[in-house]
Each structure stands twice: as structure tokens, then as C-alpha cells.
Amino acid sequence: MSRNKQEEDPRINGIKTKIRVVPDFPKKGIMFQDITTVLLDPKAFKDTIDLFVERYRDKNISVVAGIEARGFLFGPPIALAIGAKFVPLRKPKKLPGETIFEEYELEYGNDRLEMHVGAVEAGDRALVVDDLIATGGTLCAAINLLERVGAEVVECACVIELPELKGRQRLKGKPLCMLVEYR
């Protein structure tokens, strides 16, 4: 969403007021943006999904890739509403069967994402969904994983962006749609 559209849409402020900030989680100095409180408010949760669905309904997205774990909360309802398949991008050793993976760094450690072989095909148009973009490492890993199998990553969608961590700059030029910005 453009910043002007965000400022005009009253749903954005309603969502923002439902996000809880938890200091020093998961470690000292981190101000954790907790979206579970958005899920407790049916209107805020629905507004979040609706804003993304409105944006992606006519973009010919064939796959919504949700990043574990909070991308699993927003990705499936978006996928269903736009008629796309949902593909989970999971932490190591959580998927049965053959997988491919991408390793990455986050602001407080290292991790990797895995995806089932064959879940995404060359030519698929993908939307990557997560709750938050901080340094961009997780989203960048998701983009790399999807592009390795020949998918076109159309955009990344996050509820929250922490712009001071400059994650948007790591997204290989892919557009980012975010609803709430925290400075």
C-alpha cells in the first residue's frame, strides 16, 4: 500500500492500535511487535486480511508462500480469497518428504527455511507473506527459495515494517506492501 492510501484508510489505524509491543523479547533490547493481539480482535484481523486481498485479488497470484510461523496466520485466508494455493515455508525438519532450503541471518541469530520439492513450479506467480519485516533476512531467504525453483516473486506482504532496520533494501528490488510502520 502506498503511504497516502494508508493514511486515508481508517482500517490501518484500527490494526495499529491492536498491535502489542513487548519489550526485551526474545532478548534484551528487542521491542517485539506482537500481532497475536490483532488475532484477538475479529474486526482488526478481518481488516488485515481484507486489505491484502483487495491489493492482490487481480494480480494473478498463483501461490501464497507463508513464512513460519506468523505468515501461516495471514497467508491461508489470503490464498483462499484470491484463489491461490498456500505453500508453507518452514523451519528445519518440520516438513515430511523431500525439501529444498535456504539459510539466512536474522537480527538475533541464524536460521533456515525449507519448502517441499514440487510445491512451487516454474512460472508460478508468488506472494510472500509474513507478519513483520525487520532486517529482511527471512523475506530475502523466501525470495531466493522461490526463485530457485523458477517462480516469479510478485511482492512481499507484511503487517508491520520496522524501517530503521532497512530490511526493505535487502529484498532484491521486490516490492513490499506493509500496513503498519513502526519507527
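The dialogue below takes these topics in turn.

Modeller: Ground rules come before features. This is a predicted model, where local features need pLDDT of at least 70 and side-chain atom pairs count only at pLDDT 80 or more, while totals for chains, interfaces and linings use all residues. Residues are numbered from 1 along each chain as its sequence is written, and side-chain values use heavy atoms, leaving out hydrogens and water.

Colleague: At what angle do helix 4 and helix 5 pack?

Modeller: Elements are DSSP runs numbered from the N terminus: helices are H or I with at least four residues, strands are E with at least two. Axes are lines fitted to C-alpha atoms, for helices over the stretch in contact, and angles between N-to-C directions run from 0 to 180 degrees. Under 35 degrees counts as roughly parallel, over 145 as roughly antiparallel, 65 to 115 as roughly perpendicular, and the rest as oblique. Here, helix 4 (residues 42-56) and helix 5 (residues 71-82) pack at about 50°, with axes 9 Å apart. Helix 4 and helix 5 are therefore oblique to each other.

Colleague: Which residues make the contact?

Modeller: Contact means heavy atoms within 4.5 Å. Helix 4 supplies F45, T48, I49, F52, V53 and Y56. Helix 5 supplies L73, F74, P77, I78, A81 and I82.

Colleague: How many aromatic pairs does a search of the whole structure find?

Modeller: A pair of aromatic rings is described by the distance of the centres and the angle of the planes. Rings of Phe, Tyr and Trp (its six-membered ring) pair if their centres lie within 6.5 Å; planes under 30 degrees apart are stacked, over 60 edge-to-face, the rest tilted. The search finds three pairs. One of them, F25 with F32, is edge-to-face, at 5.1 Å centre to centre and 85° between the planes. F72 and F86 have ring centres 6.1 Å apart and planes at 90°, so this pair is edge-to-face. F72 lies in helix 5 and F86 in strand 4 (residues 85-89), so the pair ties together parts 14 residues apart in sequence.

Colleague: Is F32 buried or exposed?

Modeller: Buried means under 20% relative accessible area, exposed over 50%, partly exposed in between (1.4 Å probe, protein chains only). F32 is buried, at 14%. F72 is partly exposed at 23%, and F86 at 26%.

Colleague: What is V22 in contact with, leaving aside neighbours within four places in sequence?

Modeller: V22 contacts I30, M31, F32 and D34. V22 lies in strand 1 (residues 20-23) and is partly exposed, at 24%.
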